[in-house]
Amino acid sequence: MADLRQFEALRAVHAEGSVTAAARRLGWGQPTVDYHLKNLERLVGTPVLVRSPRGSRLTPVGMLLLERAQEILTLSERAIADAREFSELGRVRLRFGTFATAAASILPFVANSVGDLGIEIDATFEEVPTLVDRINRGALDAALVYTVPGYELPFRPNVVTMEVYRDPLMLALPVGHPLASRPSVDLAAVLSLRGERWVFATSAEDAMDRVVADAFAAEGHVLDVAIRTDDFQVLLGMTAARMVVGIIPGLATAAAHPGIVLLPIHDPSFVRSILVATPAEDASRPSPAVRHLVAAVRDGFAALRASGGAQ
């Protein structure tokens, strides 16, 4: 079985160009570096180095091993760092903001999961523009937000985002509508609803509404937005009453609503990308507590999907 020290020796020789320099880099004796490299060659059954008076270079086999070794060493170093950070974590309180439908769906699962790790959630519920503003100001440690493909949220450069779920958008129609008998709709069918009255979110910047309005605008149409609300139950009630049609995310459709038909939209633009956003000095590595939070959020959505609670 390969020894991580064999990979460390191989990496050091490649970086320094000689066994002697590799030994200095690693703080080992030269015989120790030679020992690990020769053991690696015995395992592989072929030389991994070409040695000369001018130094050493990796053979093609050595280069192949180095590529894999870099991945293995990076993972092992990260595993040790994560374990150390976890042991030092102690009790942590995270200021966590989320929008309402996600809070109702997965927040209890997330709070329980991270609570077992000593992380307490101090949750607030806001609409996405407010969450973005609070993350930008550093008033939250993390926030669950959403957007749609092609519509970037106005985060500051120090904010890191990690996608945790893709939530399909559904077309909400009243029973008896001419399109209601279809199993699903495409963009052309959605665009045929240009004469309908629509329900949109309160904020004019809501990404789910913008993707709809922009699709119609590209065809030269301006929608009649009859109602603005952030309450999906109001959206469903008004749709059932044949007053409006609208778009609703899959997370908000777990419970059946009488008088409503919900149709999947087969178009890549009609999906909600749910993200965890966090201010981070190191964009590639948010804090340990936030990384545990992200893992719990992903697990929460996976459990929700497995239980049939998300479309």
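**Exercise 1.** In this predicted model, find what joins the side chains of Arg11 and Glu77, and state how exposed each residue is.

*Solution.* Start with the contact: Arg11 and Glu77 form a salt bridge, with an N to O distance of 3.2 Å. Finally, check the surface: Arg11 has a relative accessible area of 22% and is partly exposed, and Glu77 is partly exposed at 40%.

**Exercise 2.** Work out which parts of the chain the pair Asp141 and Arg95 ties together.

*Solution.* First, confirm the pairing: the two side chains meet in a salt bridge at 3.1 Å, N to O. Then look at where they sit: Asp141 is in the loop between helix H6 (128-136) and strand S5 (142-147), while Arg95 is in strand S3 (residues 92-98), so the pair ties together parts that are 46 residues apart in sequence. As for accessibility, Asp141 is partly exposed at 22%, and Arg95 is partly exposed at 33%.

**Exercise 3.** Classify Asp133 and Arg137 as buried, partly exposed or exposed.

*Solution.* Begin with the bridge itself, which spans 2.9 Å from N to O. Buried means under 20% relative accessible area and exposed means over 50%. Asp133, at 38%, is therefore partly exposed. Arg137, at 52%, is therefore exposed.

How values were computed. Residues are numbered from 1 along each chain as its sequence is written. This is a predicted model: local features need pLDDT of at least 70, side-chain atom pairs count only at pLDDT 80 or more; totals for chains, interfaces and linings use all residues. Side-chain values use heavy atoms; hydrogens and water are left out. A salt bridge is a side-chain nitrogen of Lys or Arg within 4 Å of a carboxyl oxygen of Asp or Glu. Buried means under 20% relative accessible area, exposed over 50%, partly exposed in between (1.4 Å probe, protein chains only). Helices (H or I, at least four residues) and strands (E, at least two) are DSSP runs, numbered from the N terminus.
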